[in-house]
Amino acid sequence: MYEGHTEVTTDPADPLVSCAEDCGVRDVQDRLGDKWTVHVVVELAAGPRRFRELQRLVTGISQRMLTLTLRRLERDGLVTRTVYPTTPPQVEYELTATGHSMTHLIKQLIDWSLDHRSVIGRAREEWDAKQP
C-alpha cells in the first residue's frame, strides 16, 4: 500500500458488498459505530441492568449520553425497557433477541482489537514519527 492509497483490495471471488448509494444499512451501521453503543451492549449481554448500574459500568458516559443511547437501542428493537411500579419507579434495560444476536459480532470485534492493538500501536508510533 502506498501513501494516499484509499481503495479496499479484496479477493474477486469474495467481494465486499458495495452500496454506492445508501442501500439501507448505513443507519444500522451508524448505530453500531457510535461511541457508546458497543459498550452498553457488552454490559447488557451479561443480563438486565438498571440505569445507574449501566452508568457505573460504562466508564466515561454521561447521564444524557446513556439516556440517548438506550433510547436509540430501544427504538431499534435491540433493548427493552421495563418499568416496575415501585416508589421511586425502578427501570431495567435488557437486550432483546435481536440485541443478543449481535453480541457474537461484537465479541469478534473485541477479540480482533485485542489481537491487533500492539501492531496498531506500533503503526501509529511509526506514522506519528514521520509527521512534521
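**Helix α6**

At 1.5 Å a residue, the 28 residues of helix α6 (residues 103–130) should span 40 Å, and the 38 Å between its end C-alpha atoms agrees with that, the expected span being 1.5 Å times one less than the number of residues. Helices (H or I, at least four residues) and strands (E, at least two) are DSSP runs, numbered from the N terminus. The model is predicted, with local features needing pLDDT of at least 70 and side-chain atom pairs counting only at pLDDT 80 or more, while totals for chains, interfaces and linings use all residues. Residues are numbered from 1 along each chain as its sequence is written, and side-chain values use heavy atoms, with hydrogens and water left out.

- α6 bends by about 55° at H116, the bend being the angle between axes fitted to the seven residues ending there and the seven starting there.

**Contact of α2 with α4**

- The axes of helix α2 (residues 37–44) and helix α4 (residues 63–75) come within 10 Å and cross at roughly 75°, which makes α2 roughly perpendicular to α4 (65 to 115 degrees).
- T37, V40, V41 and L44 in α2 meet L66, T69, L70 and L73 in α4, where contact means heavy atoms within 4.5 Å.

**Sheet**

- An open sheet is formed by 3 strands in the order β1-β3-β2, with antiparallel pairing (at least two DSSP bridges between two strands).
- β1 (49–50) and β2 (79–84) stand at the edges with a single partner strand each, so one side of each lacks a neighbour in the sheet.
- β2 is joined to the antiparallel strand β3 (residues 90–95) by 6 bridges, and the bridge partner of T80 in β3 is E94.

Methods. Axes are lines fitted to C-alpha atoms, for helices over the stretch in contact, and angles run from 0 to 180 degrees between N-to-C directions. Angles under 35 degrees count as roughly parallel, over 145 as roughly antiparallel, 65 to 115 as roughly perpendicular and the rest as oblique.
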